[in-house]
Amino acid sequence: MSIIQTAHRAAFDVEAVRSQFPILHQDVNGYPLVYLDNAASVQKPAAVIDAIAHYYRHDHANVHRGAHALATRATDAFEGARAKVAAFLGGVAREEIIWTRGTTESINLVANSWGRANLRAGDEIVLTEMEHHANIVPWQMVAAMTGARIRVVPVTDAGELDMDAFRNLLGERTRLVAVTQVSNALGTINPVAEIVRLAHAAGALALIDGAQAVSHFVMDVRTLGADFYVFSGHKLFGPTGIGVLYARRELLDAMPPWQGGGQMIEKVAFAGTTYTEVPWKFEAGTPNIAGVVGMGAALEWLGTLDRNAAQAHEDALYARLDAALAAMPGVRRIGTAPARVSVASFLVEGAHPTDVGHLLDQQGIAVRAGHHCTMPLMARLGIPGTVRASVAFYNTAAEIDRFVAALEKVKTFI
Ligand code: PMP
């Protein structure tokens, strides 16, 4: 795993990239849209939108069961995209890739399948204070069913994991460590390779939530050593409603299915049903075929970019944004870990984050305001929420400057 960035600062033609995103070219509330809500969901290039439309116009049929041309085309596209994800994650086996609705469903699958089969009373699941609710609530639900306990790694004031506390929490009862690679609320990049190593040394498995990481890192899950790696398509220029669970083959083979139905069986009889092999064992029912096609198109499109140059451009924008916020009186940045991706969380003195968000929206600027589905983290930091501006490589320096000017104007209303 390596962050895509720096060393090489090849020219990045942001206008050429932006021109491929139709949605970015519109006015909102009388101003050209400045979209800085990329940590929530990134926009889609025409290549992805067109691939989905093309699929429905020409190739749609149900997958895996038809004996006709369209079914073959749909199945080829569906399984071809699985192979693309396997390559994207560093060359894992395609059987290790399970299609889900997103990060949330991937974690629920692991909790309900692996968790219910393996967790016993007194076993421990280690989470952190900075997890998204998607990596907390499924574990609370499975803990309630099994009697397992949740232990929580604290976060420092700067927004980093307290690694000494993490080491101390690990023990012979630890069965699973589930940690986000990048904090969606603060942008903190966690030392996941070290976390996986320590989890394994304690005899536990490691699940890494890659939702916020996949658009910033070149992933190699084998080198990382993660047992489970999860992400959502919509944060990687793909459509909503599609996501990925990567898990090691031996784990998947041993895990019981979670949902039952068509596609996941070998033979069904009232006397007893047998299940098919991975990955289909975990893909009951007609899947989100168009979503998978869009995900495949997104990965192909990403492959046409110089991702180093794109990341360098994004890093430069973030540095500009962060410096402006740091210099602005009455603004308090939340999350100042040295290792961060392009997420700027902050508070404006005397204003509720939601009000700041609305006032920015009135100037055509889209940010997120609230708890970012990280209520325990907000409680730890003693704040109700933050305003979050998150940058993608299709943003421009002029947009960052517009955001800064708009925020200055917001401050005059408060
Ligand atoms: N984990 C993290 C770190 C996230 O940022 C998100 C989305 N905000 C999720 C999990 C949940 O992803 P989804 O809603 O796409 O399932």
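**Notebook: ligand site, domains and loops**

I began at the ligand, where a polar side-chain atom of Lys235 lies 2.8 Å from one of the ligand's nitrogen atoms. I count a polar contact as a pair of N or O atoms within 3.5 Å; within protein, one must be able to donate a hydrogen and the other to accept it, and residues adjacent in sequence count only if both atoms are side-chain atoms. This is a predicted model, with local features needing pLDDT of at least 70 and side-chain atom pairs pLDDT 80 or more, while totals for chains, interfaces and linings use all residues. Numbering runs from 1 along each chain as its sequence is written, and side-chain values use heavy atoms, with hydrogens and water left out.

**Entry: the ligand**

I looked up two further side chains here. Asp209 has a side-chain N or O atom 2.5 Å from a nitrogen atom of the ligand. For His132, a polar side-chain atom is 3.3 Å from a ligand nitrogen. Then I listed the surroundings, taking a residue as near if one of its heavy atoms lies within 4 Å. The residues around the ligand include Thr103, Thr104, Ala134, Thr180, Asn184 and Ser232.

**Entry: two domains**

Next I checked how the chain is divided. Domain 1 covers 14-45 + 306-413, and domain 2 covers 49-302. These bounds come from an automatic or database domain assignment. I find 28 Å between the C-alpha centres of domain 1 and domain 2. Domain 1 gives 38 residues to the contact and domain 2 gives 35; contact means heavy atoms within 4.5 Å.

How much area is buried between domain 1 and domain 2? I noted about 3,000 Å², with 58% from carbon and sulfur atoms. Buried area is the accessible area (1.4 Å probe) that two parts lose on being put together, summed over both. On the domain 1 side, Arg307, Val341 and Arg380 lose the most area to domain 2, together 22% of what that side buries.

**Entry: across the interface**

I searched for salt bridges, meaning a side-chain nitrogen of Lys or Arg within 4 Å of a carboxyl oxygen of Asp or Glu. The rule finds two between domain 1 and domain 2. I also looked up the salt bridge between the side chains of Arg380 and Glu129, at 3.8 Å, N to O. Polar contacts across the interface of domain 1 and domain 2 come to 25 residue pairs, both residues at pLDDT 80 or more.

Which element supplies the largest share of the side of domain 1 that touches domain 2? I found helix 13, with six residues. Helices (H or I, at least four residues) and strands (E, at least two) are DSSP runs, numbered from the N terminus.

The whole structure has 24 salt bridges. I picked out Glu300 with Lys84, at 2.7 Å, N to O. Glu300 sits in helix 10 (residues 289-303) and Lys84 in helix 3 (residues 69-88), so the pair ties together parts 216 residues apart in sequence.

**Entry: loops**

I turned to Gln362, in the loop between helix 12 (353-361) and strand 17 (365-366). Leaving out residues up to four places away in sequence, Gln362 touches Asn29 and Tyr31. Asn29 is in the loop between strand 2 (27-28) and strand 3 (31-32). Asn29 is not a glycine, yet its phi is positive, about 55 degrees.

My last stop was Pro279, in the loop between strand 14 (274-275) and helix 10. The peptide bond from Val278 to Pro279 is cis, with omega near 0 degrees. Most peptide bonds are trans, and most residues other than glycine have a negative phi.
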